[in-house]
Amino acid sequence: MSRTILVVDDEESILVSLRGALEDEGYEVAVARSGEEAVEGVDAADPDVVILDVWLPGMDGVETLQRLREKDPDLPVLMMSGHATIETAVKATKLGAYDFIEKPLNLDKLLLTIEHAVHARRLAEENRYWRERWGRTHELIGESRAIQELRDQIRVVGPTRASVLITGENGTGKELVARAVHRASRRKDGPFVEVNCAAIPEDLIESELFGHEKGAFTGAAARRRGKFDLADGGTLFLDEIGDMSLKTQAKILRVLQEMRFERVGGTKTHEVDVRIIAATNKALEAEIREGRFREDLFYRLNVVPIEVPPLRERVEDIPMLFRHFVREYCAEENREPVEVDEGVFEVLQGYPWPGNVRELKNVAERMVILCRSDRLTPDDVPPAVRGRTHEPRAGDLPEPGLGLRKARRLFEREYITRHLAAAGWNVPQAAEALGLDRSSLYKKLKELGIEVPSS
Ligand SMILES: Nc1ncnc2c1ncn2[C@@H]1O[C@H](COP(=O)(O)OP(=O)(O)OP(=O)(O)O)[C@@H](O)[C@H]1O
Ligand SMILES: [Mg+2]
């Protein structure tokens, strides 16, 4: 993509020579012959960088800088001057000038500075984008008593160093809570590092957590830092902790006790300052009884237990959550926000939500995708949610224009749900009918956000 530079100078010779030089480098060039012209034309020119002379007739360079920055604080402005006093330079810098260049211009230096400025602008924009997105997608929505108590708990334990163990059914928001605890802590500007203990193969988990030295095992081509290292000064989130092998549990226990570890294949002991938050949807007490989870590790992690209640126990949050997800999804798809009829909530609140908030989010997304008007009505609620007694409508193919990926997802969700319903929500039985093995079906269920009632 071609970048645009706005050059502001009253000296025709400068305009001509800069235009030539910059165009040779592939930039587009807009010019303004006064500060007034620059301020007026900046929106239309939409430059990536402005090169601004300090000495201008009428509105001077410093004032122009100020006005440009009011319009767009991320726009980098390079000031140039033949006889800038220290005073002007200081003033311009305070007002946020990106850099100061001396006339006569050294072209190589100027081009390099422009390149840096373009890069800085892109980073500033990306940062803002991610910050907003991050904040938005990690907000804990809900005003039910349960959620308010959860927020209170987060506020109290956040600032401490205590290990936190978050429990709750699938999709209740455990990860969201973990992030909220981190944000409420004094380490909020430190890293938040996540490890999904269930997703890492047994023989790699140690290297993943503690890192390894070069040549520690086949495939260890270079030294690599582990998650404990990366989380130093911040929070380590051990997700799905109930799925860790006993051997790994023993290693983790030692780190938690001593806050020190060695890399795989290494002898040096590393010390870290890490706060641990763990999460699981398993009942760890039962796992302990069965000999699958270490009791001592449990007590170490469970210093502060936080239980995230299932969605069916806080149905008053459903309208707010649903509206939030609908709005979010419409925005993501660049589409006008659709309205939601009150009747929809009534239907949604009658469903037990075995997949909790994640399932609600998927249903919201699905309803928006399939909605051809500007409002959602109870008829738009998927049959499986409207009532398990309702037969899913046969032959309901998604309408054209959806794209294969989304259509396939919808189809799979519908098809699998239908088999599950037919099998009385017995997963092994449904797997057999679908010609899948049990673990593939479980994987699919998770991926598609279909949740099987535990009763
Ligand atoms: N209170 C809430 N407000 C807004 N979004 C929420 C809330 N709770 C959950 N979500 C959303 O629901 C989805 C599932 O949440 P999350 O991943 O935190 O659940 P989880 O308990 O970790 O699930 P799993 O057990 O499958 O790991 C995410 O997209 C999350 O953003
Ligand atoms: Mg999770």
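First, the ground rules. This is a predicted model, where local features need pLDDT of at least 70 and side-chain atom pairs count only at pLDDT 80 or more, while totals for chains, interfaces and linings use all residues. Residues are numbered from 1 along each chain as its sequence is written, chains are lettered from A and ligands numbered from 1 in the order in which they are written, and side-chain values use heavy atoms, leaving out hydrogens and water.

Salt bridges, then. Side chains of opposite charge can pair when their charged atoms come close. The term here means a side-chain nitrogen of Lys or Arg within 4 Å of a carboxyl oxygen of Asp or Glu. By that rule there are 36 salt bridges.

One of them joins E23 to R19, at 3.3 Å from N to O. Both residues sit in helix α1, four residues apart, about one turn of the helix. Helices here are DSSP runs of H or I with at least four residues, strands are runs of E with at least two, and both are numbered from the N terminus. R145 and E149 also form a salt bridge, at 3.2 Å from N to O. These two are about one helical turn from each other because they are four residues apart in helix α6.

How exposed is R145? Its relative accessibility is 64%, so R145 counts as exposed. The cut-offs are under 20% relative accessible area for buried, over 50% for exposed, and partly exposed in between, with a 1.4 Å probe and protein chains only. E149, at 43%, is partly exposed.

E287 pairs with R292, the closest N and O atoms being 3.0 Å apart. E287 is buried at 10%, whereas R292 is partly exposed at 43%.

Beyond its neighbours within four places in sequence, E206 contacts G211, K247, K251 and V264, contact meaning heavy atoms within 4.5 Å.

Now the backbone. K103 and P104 are joined by a cis peptide bond, with omega about 0°. P104 lies in the loop between β5 and α5.

Which phi values stand out? N334 has a positive phi of about 55° although it is not a glycine, and W353, also not a glycine, has a phi near 50°. N334 is exposed at 74%, while W353 is buried at 0%. W353 is in the loop between α14 and α15.
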